[in-house]
Amino acid sequence: QFQLAESGGGLVQPGGSLRLSCAASGGRLDYYAIGWVRQAPGKEREGVSCIMTSGSVTTYADSVKGRFTISRDNAKNTVYLQMNSLKPEDTAVYYCATVLLNSGNGCYDPVYALWGQGTQVTVSS
């Protein structure tokens, strides 16, 4: 069945970089806009970034703008999140998820449908 799987998380020092991957299997990723969402203990769930099906439109939370870059390679069925200049407050479990088909506004007002299992990102010295 169609599934998403995140990878690339780990422990990194402040100011460092990581690249997360979201790989789809069992179906075509290019049917979907894809978002990255993070969850940290004691904090609200935060939509980090989102990319439309063609990759021509991307959105970012203010907290990561200028530091994170989302991209996709539909031929490889993969979406990426390049994270630079990482801060301790970026520590969270990062999930990728499909945006609900025919939801109207896509990444501008995403409703998430299918989620991966998440990958832990820890930023600490």
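Because the model is predicted, local features need pLDDT of at least 70 and side-chain atom pairs count only at pLDDT 80 or more, while totals for chains, interfaces and linings use all residues. Residues are numbered from 1 along each chain as its sequence is written, and side-chain values use heavy atoms, with hydrogens and water left out.

View 1. Strands are DSSP runs of E with at least two residues, numbered from the N terminus, and two of them pair if DSSP finds at least two bridges between them. Strand S4 (residues 34–39) runs antiparallel to S9 and is joined to it by six bridges, with Trp36 standing opposite Cys96. Strand S11 (residues 119–123) also pairs with S9 in the antiparallel sense, over three bridges, whereas two bridges join S9 to the antiparallel strand S10 (residues 112–115). In S10, Trp115 is the bridge partner of Ala97.

**View 2. The surroundings of Thr119 in strand S11.** Thr119 belongs to strand S11 and is the bridge partner of Tyr94. With a relative accessible area of 11%, Thr119 is buried. Its side chain reaches the backbone nitrogen of Gly9 at 3.2 Å. Leaving aside residues up to four places away in sequence, Thr119 touches Glu6, Ser7, Gly8, Gly9, Leu20, Ala92, Val93 and Tyr94, where contact means heavy atoms within 4.5 Å.

**View 3. The disulfide of Cys22 and Cys96.** A disulfide is a pair of cysteine sulfur atoms within 2.5 Å, and a search of the whole structure finds two. In the pair shown here, the sulfur atoms of Cys22 and Cys96 are 2.1 Å apart, and the link is right-handed, with 75 degrees about the S-S bond. The pair links distant parts of the chain, since Cys22 lies in strand S3 (residues 18–25) and Cys96 in strand S9, 74 residues apart. Cys22 is buried at 0% relative accessibility, and Cys96 is likewise buried, with a relative accessible area of 0%.

**View 4. The disulfide of Cys50 and Cys107.** The sulfur atoms of Cys50 and Cys107 are 2.0 Å apart, and the torsion about their S-S bond is about -70 degrees, so this disulfide is left-handed. Cys50 lies in strand S5 (residues 46–51) and Cys107 in the loop between S9 and S10, so the pair ties together parts that are 57 residues apart in sequence. Cys50 is buried, with a relative accessible area of 2%, as is Cys107, with 4%. When the bonded cysteines of the protein chain are numbered in sequence order, the pairing is 1-3, 2-4.

**View 5. Aromatic rings.** Rings of Phe, Tyr and Trp (its six-membered ring) pair if their centres lie within 6.5 Å, and planes under 30 degrees apart count as stacked, over 60 as edge-to-face and the rest as tilted. A search of the whole structure finds four aromatic pairs. The rings of Tyr95 and Trp115 have their centres 6.0 Å apart and their planes at 80 degrees, so this pair is edge-to-face. Tyr95 in strand S9 and Trp115 in strand S10 are 20 residues apart, and the pair thus links distant parts of the chain. Tyr95 is partly exposed, with a relative accessible area of 23%, and Trp115 is also partly exposed, with 30%. Elsewhere, Phe2, Tyr31 and Tyr32 form one aromatic cluster.

How values were computed: Helix = DSSP H or I, 4+ residues; strand = E, 2+ residues; numbered from the N terminus. Buried < 20%, exposed > 50% of the residue type's maximum accessible area, 1.4 Å probe, protein only. Polar contact = N/O pair within 3.5 Å; in protein donor to acceptor, adjacent residues only side chain to side chain.
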